[in-house]
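Hello,

Here is the structure I promised to pass on to you. Please have a look at it first, and then read my notes below.

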Amino acid sequence: MQKQHAFPKYAIYGIPATDAPVSYFHFEDARDIAIANNWDFKPHVHAYLYQMIWVKDGKGHFSAEGKSIKFEGSWVVFIAPNTLHSISFAKNSTVWSLYFTHDFMNLGHLGNMLREFMGNISRPMYKCVKIPQHNNMAWSDLFDNVKKEFETPHALGYNACIKSWVALLLTQLVRIEHTRTPNPIFNQGATRSEQITNSFLQVLEQHYQYQHRVGFYANALHTSADTLNNNVRSVMHSTVGQIIRERIILEAKRQLLYADKTVNQVAGVLNFDDTSYFVRFFKRETGMTPRLYKKQQVPHATNSMHA
């Protein structure tokens, strides 16, 4: 069955997502597309691409999953795949954007740092980081080097150079955040449990609309439900069942707020045959009915996504 989405699902902005490419990277001056969209990017997700937005000079407003932040000066917004977000800029802001797949970076140890940095890289997630003034020149130089390399795709060692420069950007971003919130886990390599957890989260993102049972995900990963649960719980401090329910609730909230769907329609999108069961499920997980949640949140969502 084909998934139904309440909002655009893109590869890079404006290009509908199809099948995930292998080892993909893209870099762009975002001002042209910002001008074409009146400096206002409406709510959307990038299906399989990480996105790093650098606001070199300017100000604006970023919103993701119902939360928002205003920024001014030099800021970086790092967005994981499948995170619902919008962003608007003041006119004439200087904005750069790069996209890449998980495979492109072969994240490995760097992926472990990013997972701790963002909460978990494979769940809908984002991070906004203000670049300190004393880091601005080094950050600008790194971006300039990525730009120069991207403009010479046939140069010898192109892929290796691009990956190296992007790895330096990501590491610098982690270091800036690490100075504010030190975390010794940044110095560890990815464990087997972390690898299994990331695989589970990737499969969950593909199937959460129609598959709600732990057993399905255990079978997909060729392991037992107990083994999967033990590994995931050791990394995320939540059970597999809890994480599945969180993802279903996240999508239910998105559909209620941004698609203007009825409760019956949302239940159908999420493969609940019985709407009354969906209502009980939603209330058990959130403390309120879907109808009440929508009534309370719709004005806030509208304001936060377009402020």
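**What I found**

G66 is placed in the loop between strand 5 (59-64) and strand 6 (67-72); helices (H or I, at least four residues) and strands (E, at least two) are DSSP runs, numbered from the N terminus. This is a predicted model, in which local features need pLDDT of at least 70 and side-chain atom pairs count only at pLDDT 80 or more, while totals for chains, interfaces and linings use all residues. Residues are numbered from 1 along each chain as its sequence is written, and side-chain values use heavy atoms, with hydrogens and water left out.

Back to G66: this glycine is partly exposed, with a relative accessible area of 25% (buried means under 20%, exposed over 50%, partly exposed in between, with a 1.4 Å probe and protein chains only). The C-alpha atoms of G66 and H85 are separated by 8.5 Å, and the two residues are 19 apart along the chain.

For the overall picture, the protein has 12 helices and 10 strands. Buried residues make up 50% of its 307 residues. Of the contacts (heavy atoms within 4.5 Å) between residues at least 6 apart in sequence, 74% join residues at least 24 apart.

Five strands form an open, antiparallel sheet in the order 2-9-4-7-10, where two strands pair if DSSP finds at least two bridges between them. Strand 2 (25-29) and strand 10 (126-130) are the edge strands, each pairing on one side only. From one strand to the next, the twist averages 10° (axes are lines fitted to C-alpha atoms, for helices over the stretch in contact, and angles run from 0 to 180 degrees between N-to-C directions).

Going through the pairs:

- Strand 2 and strand 9 run antiparallel and are joined by five bridges; F27 has L98 as its bridge partner in strand 9.
- Strand 4 and strand 9 are antiparallel too, over seven bridges, and Q51 is partnered with Y99 in strand 9.
- Strand 4 (residues 50-57) is joined to strand 7 (residues 75-79) by five bridges, again antiparallel, with W54 opposite V76 in strand 7.

Which residues of strand 9 point which way? T94, W96, L98 and F100 point one way and V95, S97 and Y99 the other. Seven of the seven residues of strand 9 (residues 94-100) are buried, so this strand is largely enclosed by the rest of the structure.

F41 lies in strand 3 (residues 40-46) and F89 in strand 8 (residues 85-89), so the pair ties together parts that are 48 residues apart in sequence. Both F41 and F89 are buried. One aromatic cluster is formed by F25, F27, W54, W96, W139, F143 and F150.

Finally, the helices. Helix 6 (residues 192-207) and helix 8 (residues 225-236) pack at about 100°, with axes 8 Å apart. Helix 6 and helix 8 are therefore roughly perpendicular (65 to 115 degrees; under 35 is roughly parallel, over 145 roughly antiparallel and the rest oblique). Residues making the contact include F200 and L201 of helix 6 and L228 and V232 of helix 8.

Best wishes

Conventions:
Phe/Tyr/Trp six-rings, centres within 6.5 Å; stacked < 30°, edge-to-face > 60°.
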